[in-house]
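Here is a short report on one protein model.

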Amino acid sequence: MKPLVLARALALATPLVLLGGAYAFQYLGRLHPCEMCWWQRYPHMVAIPLALMAYAAQSQRRISGLFTGLAAGAIAISGLIGLFHAGVEYGWWEGLTACSTALGSGGGDILKSIMAAPITRCDVAPWSLLGISMAGYNGLLSVGAAIAIFVLLGKRSRA
């Protein structure tokens, strides 16, 4: 498989899979995201249309590579936020926010909304596997994928 083809596929698959997992944990696992969890999702949301633009421009290798690189940059940003968030969860450093979740928009009784809102703290990992939290996995997988994409793009430019 050609490096650019693989890089494009990785640039699209990574945010789709990681966002899919985050939303599955949220809606199926009832693990509500904290503010820093949302921060990690936004770059992945940006990476998806960038990767799709890379596919749309695949007949123009330079432009496709540019969009693939931009998607990799967004993926890397999400990963770095995830690593920072994991450090907050492990108590290595303090977070930057009050770590509260936003209330649902829509009318109704504000007190009822406040009382029903899930309390999700950024400094407590609601889930972990092998001692690594979701933020930690996002950090490791996103940074790893971004590095792989950049390496593949580097191979493409030398070929």
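Contacts between residues 24 or more positions apart make up 75% of those in the protein chain with a separation of 6 or more. This is a predicted model. The chain has 159 residues, and 36% of them count as buried. It holds 5 helices and 2 strands. Their order from the N terminus is α-α-α-α-β-β-α.

**The pair of helix 1 and helix 2**

Two packed helices are described by the angle between their axes and the distance between the axes. For helix 1 (residues 3-27) and helix 2 (residues 35-56), the angle is about 145 degrees. Their axes lie 9 Å apart. The crossing of helix 1 past helix 2 is left-handed. On the helix 1 side, the contact is made by Val5, Arg8, Ala9, Ala11, Leu12, Pro15, Leu16, Leu18, Leu19, Ala22, Tyr23 and Gln26. Helix 2 contributes Trp38, Arg41, His44, Met45, Ala47, Ile48, Ala51, Leu52, Ala54 and Tyr55.

**His44**

Leaving out residues up to four places away in sequence, His44 touches Pro15, Leu18, Leu19, Ile75, Ser78, Asn138 and Ser142. Among these, Pro15, Leu18 and Leu19 also belong to the helix 1 side of the contact with helix 2.

**The largest pocket**

The largest pocket has a volume of about 390 Å³. It is lined by 25 residues. Which of them are closest to its centre? They are Leu18, Ala22, Met134, Ala135 and Asn138. Leu18 and Asn138 are also touched by His44. Leu18 and Ala22 take part in the contact of helix 1 with helix 2 as well.

Helix 1, helix 2, helix 3 (61-89) and helix 5 (134-158) each give two or more residues to the lining of the largest pocket. Which element gives the most to this lining? Helix 1 does, with 7 residues.

Note on methods:
Residues are numbered from 1 along each chain as its sequence is written. This is a predicted model: local features need pLDDT of at least 70, side-chain atom pairs count only at pLDDT 80 or more; totals for chains, interfaces and linings use all residues. Side-chain values use heavy atoms; hydrogens and water are left out. Axes are lines fitted to C-alpha atoms, for helices over the stretch in contact, and angles run from 0 to 180 degrees between N-to-C directions. Helices (H or I, at least four residues) and strands (E, at least two) are DSSP runs, numbered from the N terminus. A crossing is left-handed if the near helix is turned anticlockwise from the far one by less than a right angle, and right-handed if clockwise. Contact means heavy atoms within 4.5 Å. On a 1 Å grid over the protein atoms alone, a cavity is a set of points where a 1.4 Å probe fits but cannot get out, and a pocket is an open set with protein on both sides within 12 Å along at least five of seven lines; lining residues have an atom within 4 Å of a point. Grid points are joined across faces, edges and corners, and a volume is the space filled by probe spheres set on the points. Buried means under 20% relative accessible area, exposed over 50%, partly exposed in between (1.4 Å probe, protein chains only).
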